[in-house]
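Please look through the sequence and the structure before reading on. The report below goes from the whole chain to single residues.

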Amino acid sequence: MNLFVEKCPRCKTALEVKDHPSCKAIIIKACPAGHYEKEFHPALETYIERIKVS
């Protein structure tokens, strides 16, 4: 069991890293089914989370 694997809050699958074409510093992790997305912005030192509703 890995304690550091981030998972989708809806379907509990592991998030996958997506490439961001305009900025390589932004790290985007998303649910393979499209339920959830989490972005890390290092310049702002903050996360932005998106949850798809229905």
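The sections that follow describe a predicted model, starting with its overall make-up.

## Overall make-up

The protein has zero helices and four strands. Read along the sequence, these elements give the pattern β-β-β-β. Along its principal axes, the C-alpha trace spans about 30 × 30 × 20 Å.

Of the 54 residues in the protein, 22% are buried. Among the contacts with a separation of 6 or more, 10% are between residues 24 or more positions apart.

## The sheet

Strands of a sheet pair through backbone hydrogen bonds, and the pairing is either parallel or antiparallel. Here the four strands form an open sheet in the order S1-S2-S3-S4, with antiparallel pairing. Strand S1 (16-18) and S4 are the edge strands, each of which pairs on one side only. From one strand to the next, the twist averages 25 degrees.

The pairs can be taken in turn. S1 and S2 are antiparallel and share three bridges; in this pair, Val17 has Lys29 of S2 as its bridge partner. Strand S2 (residues 27-30) and S3 are joined in the antiparallel sense by four bridges, and Ile28 is partnered by Glu39 in S3. S3 and strand S4 (residues 46-51) pair over six bridges, again in the antiparallel sense. In S4, Thr46 stands opposite His41.

## The two hairpins

S2 and S3 form a hairpin with five residues between the strands. Gly34, in the turn of this hairpin, has a positive phi of about 85 degrees. The loop between S2 and S3 also holds Ala33. Is Ala33 buried or exposed? Its relative accessible area is 52%, and the cut-off for exposed is over 50%, so Ala33 is exposed. The C-alpha atom of Ala33 is separated by 8.5 Å from that of Cys11, although these residues are 22 residues apart along the chain.

The hairpin of S3 and S4 has four residues between its strands. In this hairpin, Glu45 takes a positive phi near 50 degrees.

## Strand S3 and its glutamates

S3 is mostly covered, with five of its six residues buried. In a regular strand, side chains alternate between the two faces of the sheet.

Why does Glu39 count as buried? A residue is buried when its relative accessible area is under 20%; Glu39 is at 9%, so Glu39 counts as buried. The Glu39 side chain makes a polar contact of 2.8 Å with the side chain of His41. Leaving out residues up to four places away in sequence, Glu39 touches Ile26, Ile27, Ile28, Thr46, Tyr47, Ile48 and Arg50.

Glu37 has a relative accessibility of 18% and therefore also counts as buried. Which side chains make polar contacts with the side chain of Glu37? One is that of Lys18, at 3.2 Å. Another is that of Arg50, where the polar contact is 2.3 Å. With residues up to four places away in sequence not counted, Glu37 touches Lys18, Ile28, Lys29, Ala30, Ile48, Glu49 and Arg50. Arg50 is among the residues touched by Glu39 and among those touched by Glu37.

## The aromatic pair

A pair of aromatic rings is described by the distance between the centres and the angle between the planes. How many aromatic pairs does a search of the whole structure find? The search finds one. This pair consists of Phe40 and Tyr47, whose ring centres are 4.9 Å apart; the planes lie at 45 degrees, so the pair is tilted.

Phe40 has a relative accessible area of 24% and is therefore partly exposed. The ring of Tyr47 has a further neighbour: the charged end of Lys38 sits over this ring, 4.5 Å from its centre. Tyr47 is also one of the residues that Glu39 touches.

Terms used: Residues are numbered from 1 along each chain as its sequence is written. This is a predicted model: local features need pLDDT of at least 70, side-chain atom pairs count only at pLDDT 80 or more; totals for chains, interfaces and linings use all residues. Side-chain values use heavy atoms; hydrogens and water are left out. Buried means under 20% relative accessible area, exposed over 50%, partly exposed in between (1.4 Å probe, protein chains only). A polar contact is a pair of N or O atoms within 3.5 Å; within protein, one must be able to donate a hydrogen and the other to accept it, and residues adjacent in sequence count only if both atoms are side-chain atoms. Contact means heavy atoms within 4.5 Å. Two strands pair if DSSP finds at least two bridges between them. Rings of Phe, Tyr and Trp (its six-membered ring) pair if their centres lie within 6.5 Å; planes under 30 degrees apart count as stacked, over 60 as edge-to-face and the rest as tilted. A charge sits over a ring if NZ of Lys or CZ of Arg is within 6 Å of the ring centre and within 35 degrees of the ring normal. Axes are lines fitted to C-alpha atoms, for helices over the stretch in contact, and angles run from 0 to 180 degrees between N-to-C directions.
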